[in-house]
Amino acid sequence: MALRNPSAGRRMDGDSREGGVGSGPGGGSKDAGAEDYENLPTNASLSTHMTAGAMAGILEHSVMYPVDCVKTRMQSLHPDPKARYTSVFGALKKIIRTEGFWRPLRGLNVMVMGAGPAHAMYFGCYENMKRTFNEVLNRRGNSHLANGIAGSMATLLHDAVMNPAEVVKQRMQMYNSPHHSALRCIRAVWRKEGLGAFYRSYTTQLTMNIPFQSIHFITYEFLQEQMNPLRGYNPQSHILAGGLAGAIAAAATTPLDVCKTLLNTQENMALSLANVSGHLSGMANAFRTVYQLSGVAGYFKGIQARIIYQMPSTAISWSVYEFFKYFLTKHRTEKTTLY
């Protein structure tokens, strides 16, 4: 396995650009860790991308899960009077005080089981597709279009795994949910609504996540070019760029997330008020129902919680992913050198 040129900075996404690695946008001397990182192979293996991606997904969703619980409830179109919240932190305090300390974590186990393989496939697919499209579209460097297309393709795999986990997780998160364990929730949904219930919001999920990931990656790459122009390994810039990119993408796609939540939860009171008999399905129907019940403002329910959730989530995901990619690749390189 060939080692890269020491003068080439290590890119976050696995590609490289020429230039020394400074300590940040203001420059500075290289430290030992940065020098080690520069001497890693140019392209990490697929297994490294997938393992690092799985770790990033699990940690991201685990750390931010309580805020995700609040986001789900704040997107409710017709919440119970006891479950009306005005702020994320106020909601967390109220949930813990009235429903118990562990209530915001209900459903975490099913999310972890979905996030690991989903993020493994996502990052593995993204890195490989991005490299391929960059070679086709822009042989001389980085292409934002290539990154956006690669992220969109990776989303197809990610959401195929995550959608059933999202359905179970969100039903367990709702106020006064009858589901107290993931297994019982899966059985109940399967028995009453069939297998299709786990993918009822899949098209909406894709419609939301494809533009979300496109905005996310294009914004991230743009911010990296501004804050870290040499594209060296710089954890601070990855955290800041990742967080800002996640916040912008989250705000822009909130209306789609509200519709996805309605399709996943099949909120009984909301559907009754909208005179929907049976189960609501389809993105167009979800959009009409949200507008019928809450007007334009309904599309932005929970936007504060969504941004507060997504901003640190993407920052955690990028920093953890890059750390494990660095750690695993360095370990493999050292092993190859020894033997």
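The residues lining the largest pocket divide into 9 nonpolar, 10 polar and 6 charged (Ala, Val, Leu, Ile, Met, Phe, Trp, Tyr, Cys and Pro count as nonpolar, Asp, Glu, Lys and Arg as charged, and the others, Gly among them, as polar).

Biologist: What kind of model is this?

Modeller: This is a predicted model, where local features need pLDDT of at least 70, side-chain atom pairs count only at pLDDT 80 or more, and totals for chains, interfaces and linings use all residues. Residues are numbered from 1 along each chain as its sequence is written, and side-chain values use heavy atoms, with hydrogens and water left out.

Biologist: How do I read a pocket or a cavity?

Modeller: Rolling a probe the size of a water molecule over the atoms shows where empty space is left. On a 1 Å grid over the protein atoms alone, a cavity is a set of points where a 1.4 Å probe fits but cannot get out. A pocket is an open set with protein on both sides within 12 Å along at least five of seven lines. Lining residues have an atom within 4 Å of a point.

Biologist: What is the volume of the largest pocket, and which residues lie nearest its centre?

Modeller: Its volume is about 710 Å³ (the space filled by probe spheres set on the points, with grid points joined across faces, edges and corners). Of its 25 lining residues, P178, T265, Q266, E267 and N268 lie nearest the centre. α6 gives the most, with 4 residues.

Biologist: How many cavities are there?

Modeller: There are 3 of 30 Å³ or more. The largest cavity has a volume of about 430 Å³. It is lined by 27 residues, and E60, H158, F212, Q213 and Q310 lie nearest its centre. α7 gives the most to that lining, with 7 residues. By class, the lining has 9 nonpolar, 10 polar and 8 charged residues.

Biologist: How do I read a helix pair?

Modeller: Two packed helices are described by the angle between their axes and the distance between the axes. Here α7 and α9 pack at about 155 degrees, with axes 9 Å apart (axes are lines fitted to C-alpha atoms, for helices over the stretch in contact, and angles run from 0 to 180 degrees between N-to-C directions). The angle therefore makes α7 roughly antiparallel to α9 (under 35 degrees counts as roughly parallel, over 145 as roughly antiparallel, 65 to 115 as roughly perpendicular and the rest as oblique).

Technical notes:
Helices (H or I, at least four residues) and strands (E, at least two) are DSSP runs, numbered from the N terminus.
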